[in-house]
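Student: I've got a protein open on my screen and I'm a bit lost. Can you walk me through it?

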Amino acid sequence: MPTCIVLVKQVPDTKNITGQAMKDDGTVNRGALPAIFNPEDLNALEMALSVVQKYGGTVTVLTMGPPSAAEVLRQSLVRGADRGILLTDRKFAGADTLATSYTLCCGIETIGRYDLIFCGRQAIDGDTAQIGPQVAGKLGIGQLTYVEDFLSYDKDGITVRKAIEGGYEIVSGPTPCLLTVTSAANAPRPPAVKRLLKYRKARASSEIAWLLDKAGTPKDQIAAKAKAEADRLAAENLLIEEWSAAAVKADLEQCGLSGSPTKVKKIESVVVAATDHVKVEPTDSAVAQLMKRLIAEHTLD
C-alpha cells in the first residue's frame with residue numbers, strides 16, 4: 001500500500017492581476033488578490049486519492065505558507081486526505097522556488113516514509129514548473145513529469161502516461177518517486193458532505209490567532225483565546241498540524257529571502273489590442289503583394 005504525500009499551494013487568483021500585486025521588495029502582495037487552491041494541485045490531490053482508493057494507503061497533504069494557507073489543507077481534508085500539515089514561519093516568507101523546494105523537502109523528511117509524492121505541474125502565480133523537479137532532485141528520488149494518467153502500482157514501481165509534444169508516452173519507474181500532474185489528468189472531486197461537516201471547523205493554531213486578530217480581538221487576549229480554542233479543537237481531532245522552521249530542522253540560510261537568489265523586478269499587465277488590419281484576397285498576386293509589404297516593413301526577413 002503506497003504512502004502518498006501531496007504538495008499543494010494556496011495561490012493568488014491571477015485572472016485580474018495588476019501592478020499592485022507586487023511589493024517593493026519583489027515579493028507577491030498576496031493581500032491584493034483573492035487566494036485560491038492552485039488548480040493543478042487539485043489534480044494532483046485527486047490522483048493521489050484515486051491511487052489510495054485502488055491500492056490502499058494514506059494521503060498526507062503538505063503546504064508552505066502563512067496561517068491563511070491552512071484553507072487548502074481544510075479543502076484537502078474534506079475531499080478525502082488523511083492528514084494535513086502546514087509549514088508556516090515568518091522565516092519562510094519571500095521564498096523563491098529554490099527556497100520553497102528546500103523547505104518542502106525539510107517537511108517531507110520530517111514526515112518520514114513515503115512512496116509517492118504528487119504535486120501540480122506548476123503554480124499559476126509563478127508558472128515556473130520548478131518545484132516538483134527541485135524537490136525530487138533534493139530528495140534524490142526519481143521523477144515523472146507531465147503525468148496525465150496513473151496506470152499501475154506494484155512492488156516493482158509505477159507506470160503512468162505522460163503528455164509529450166504531439167501525443168503521450170507510457171513510462172515506468174521505481175518508487176519512491178515524485179509525479180507532477182497536469183490539468184488533463186482528471187476532474188477533481190467535490191468535497192464529501194460528511195467530511196465537510198466534520199472538517200469545516202478544522203483550524204491550525206496560527207490560523208486561529210490570525211483570525212482573532214483579524215476580528216479585532218484585543219492584542220493582549222489573542223494568545224490565551226487562541227490556546228483555548230486550539231486545545232478544544234485538538235480534543236476533537238480538528239487541530240491541523242503546524243510545523244515551524246525549528247520543527248523541521250531547516251537551515252535558515254536556505255529559507256525565505258535568505259535562500260532566494262531570484263528577485264522579481266516588476267509586474268506589468270499586458271493587454272493585446274487589435275489596431276490596423278489588411279484584407280487580403282485569396283489570389284496569388286494579392287498574397288505576393290502582402291509578402292513584399294511584410295519584407296519591406298522588416299516584419300519578415
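Tutor: Start with the labels. Helices (H or I, at least four residues) and strands (E, at least two) are DSSP runs, numbered from the N terminus. Thr60, for instance, lies in strand S4.

Student: Where does the model come from, and how are residues counted?

Tutor: It is a predicted model: local features need pLDDT of at least 70, side-chain atom pairs count only at pLDDT 80 or more, and totals for chains, interfaces and linings use all residues. Residues are numbered from 1 along each chain as its sequence is written, and side-chain values use heavy atoms, with hydrogens and water left out.

Student: How many helices and strands does the protein chain have?

Tutor: The protein chain has 8 helices and 12 strands.

Student: Back to Thr60. Buried or exposed?

Tutor: Buried means under 20% relative accessible area, exposed over 50%, partly exposed in between (1.4 Å probe, protein chains only). Thr60 has a relative accessible area of 8%, so it is buried.

Student: What is Thr60 in contact with?

Tutor: Contact means heavy atoms within 4.5 Å. Leave aside the neighbours within four places in sequence. Then Thr60 is in contact with Cys4, Ile5, Val6, Arg83, Ile85 and Ile111.

Student: And how many residues of S4 are buried?

Tutor: In strand S4 (residues 58-64), 6 of the 7 residues are buried, so the strand is mostly covered. Across the protein chain, 42% of the 301 residues count as buried.

Student: Which strands pair with S4?

Tutor: Two strands pair if DSSP finds at least two bridges between them. Strand S1 (residues 3-7) pairs with S4 in the parallel sense over 5 bridges. There, Val6 stands opposite Val61. Strand S5 (residues 83-87) also pairs with S4 in the parallel sense, over 5 bridges. Met64 stands opposite Leu87 in S5.

Student: What holds paired strands together, in general?

Tutor: Strands of a sheet pair through backbone hydrogen bonds, either parallel or antiparallel.

Student: What is the strand order in the sheet?

Tutor: The order is S9-S8-S7-S10-S6-S1-S4-S5-S12-S11, in an open sheet of 10 strands with mixed pairing. S9 and strand S11 (203-204) stand at the edges. Each has a single partner strand, so one side of each is left without a neighbour in the sheet.

Student: Where's an antiparallel pair?

Tutor: Look at strand S7 (residues 142-154) and strand S8 (residues 157-164), which pair in the antiparallel sense over 6 bridges. A hairpin joins S7 to S8 through 2 residues. Asp154 stands opposite Gly157 in S8, and Val147 stands opposite Lys162. S7 also pairs with S10, in the parallel sense over 4 bridges. In that pairing Gln143 stands opposite Leu178.

Student: Which strands does helix H3 lie across?

Tutor: Helix H3 (residues 97-111) lies across S1, S4, S5, S6 and S12, at about 145 degrees to S4. Axes are lines fitted to C-alpha atoms, for helices over the stretch in contact, and angles run from 0 to 180 degrees between N-to-C directions. H4 lies across S1, S6, S7 and S10, running at about 175 degrees to S10.

Student: New topic. How do H6 and H7 cross?

Tutor: The axes of helix H6 (residues 205-214) and H7 come within 9 Å and cross at roughly 135 degrees. That makes H6 oblique to H7. Angles under 35 degrees count as roughly parallel, over 145 as roughly antiparallel, 65 to 115 as roughly perpendicular and the rest as oblique.

Student: Which residues of H6 make the contact?

Tutor: On H6 they are Ser205, Ile208, Ala209, Leu212 and Asp213. The H7 side includes Lys219, Ile222 and Leu233.

Student: Is Asn237 buried or exposed?

Tutor: Asn237 has 63% relative accessibility, so it counts as exposed. Ala129 has a positive phi too, near 60 degrees. At 24% relative accessibility, Ala129 counts as partly exposed.
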